[in-house]
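Here are some notes for a first look at this structure. Please read them with the model open beside you.

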Amino acid sequence: MTNPNLPSTVGVLGGGRMGAGIAHAFLINGANVLVVERDEASAEAARERVESAAAKSIERGATDGNLDEMVSRLAVTVDYDDFKDRQLVVEAVPEDWDLKVTSLRGIEERLADDAYLASNTSSLSVNGLARELKRPQNFLGLHFFNPVPASTLIEVVLGEQTSPGLAEAAKRWVEALGKTAVVVNDAPGFASSRLGVAIALEAMRMVEEGVASAADIDAAMVLGYKHPTGPLRTTDIVGLDVRLGIAEYLHSTLGERFAPPQILKDKVARGELGRKTGKGFFDWAE
């Protein structure tokens, strides 16, 4: 049974690590969830990610649901038209402006006039994206954190035209997902990405300058400041290419303090993207 504080029908565009995590969060809390991917192979991979995450949640005791019942509420397709009956759709495609705009427009034109649309962007302007839409009052940012099942935070990013009703509903959704909402007005990098990237970039500069090793810099933040994970290991988990993209955007909007260090650009150029490639600031090879 769907939590009354959640939309009963939810869509997610993109079934990668983040999109699958978002789908999982709504699924285990009773929503009927649709994931739309770009092709059949990606769709099948997305289904496996969501079902695996749901099974692990049951095994850990994080939810007492039945896996077969959960799976019966999950649909994965390659057709945008399937979004037409969704009360909420969350876009979770890569952090590329043109791709975001094209994706959001494609979803919006298929939704009912009273349906809500959200972007999982971690840094792009919610106001800027809203200006590309016909119903900006029904749009906001829902910035989930990686990995979604373990994270207890969702950043609710309000645009200038986000309706007060949607702003209140989003806070209820986050609470119903068992997470905590941090509400921010749209600004470059919001609150979390801006602070997180600032710390990570300085940690990279320290490695670059030979101040200390990546492991010791991370240990200083974990042991000294009680961060659960150091900024460089977090960068490896997020992806160095993702961090570089965010840093470049913040550099263009907020100035030189967000200029990406050469060490980051070099690692991305070599394909050292972090955990997903087996090497970043740390070696992830098994």
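Which element gives the largest share of the lining of the second largest pocket? The numbered points start there. Keep in mind that this is a predicted model.

1. Helix H2 is the answer: seven residues of the lining come from H2. Helix H2 spans 40–60, and helix H1 spans 17–27. These are the elements that give two or more residues to the lining of this pocket.

2. The second largest pocket holds about 320 Å³ of space. Its lining counts 15 residues. Nearest the pocket's centre lie Arg17, Arg49, Ala53, Lys56 and Pro149. By class, the lining has seven nonpolar residues, four polar and four charged.

3. Turn next to the largest nonpolar core, which has 39 residues. Phe26, Leu142 and Phe144 touch the most other members. Leaving aside residues up to four places away in sequence, Phe26 touches Leu6, Val10, Ala31, Val33, Leu88, Phe144 and Leu177. Another core, of 20 residues, lies apart from the largest one. Among its residues are Phe83, Val93, Ala115 and Val157.

4. Now look at helix H11, residues 262–269. Which of its residues are buried? They are Ile263, Leu264 and Lys267. These residues cover an arc of only 100° around the axis, so they sit on the same side of H11. The cover over the buried residues of H11 includes helix H7 (192–208) and helix H10 (240–254).

5. Finally, check the backbone just after H11. Glycine 271 takes a positive phi there, of about 85°.

Conventions
Residues numbered from 1 in each chain as written. Predicted model: local features only at pLDDT ≥ 70, side-chain atom pairs only at ≥ 80, totals over all residues. Heavy atoms only, no water. Buried < 20%, exposed > 50% of the residue type's maximum accessible area, 1.4 Å probe, protein only. Helix = DSSP H or I, 4+ residues; strand = E, 2+ residues; numbered from the N terminus. Arc of directions from axis to C-beta. Contact = heavy atoms within 4.5 Å. Core = buried A, V, L, I, M, F, W, Y, C linked by side-chain atoms within 4.5 Å. 1 Å grid on protein atoms, 1.4 Å probe; cavity = no way out; pocket = protein on both sides within 12 Å on 5 of 7 lines; lining within 4 Å. Points joined across faces, edges and corners; volume = space filled by probe spheres on them. Nonpolar A, V, L, I, M, F, W, Y, C, P; charged D, E, K, R; others polar.
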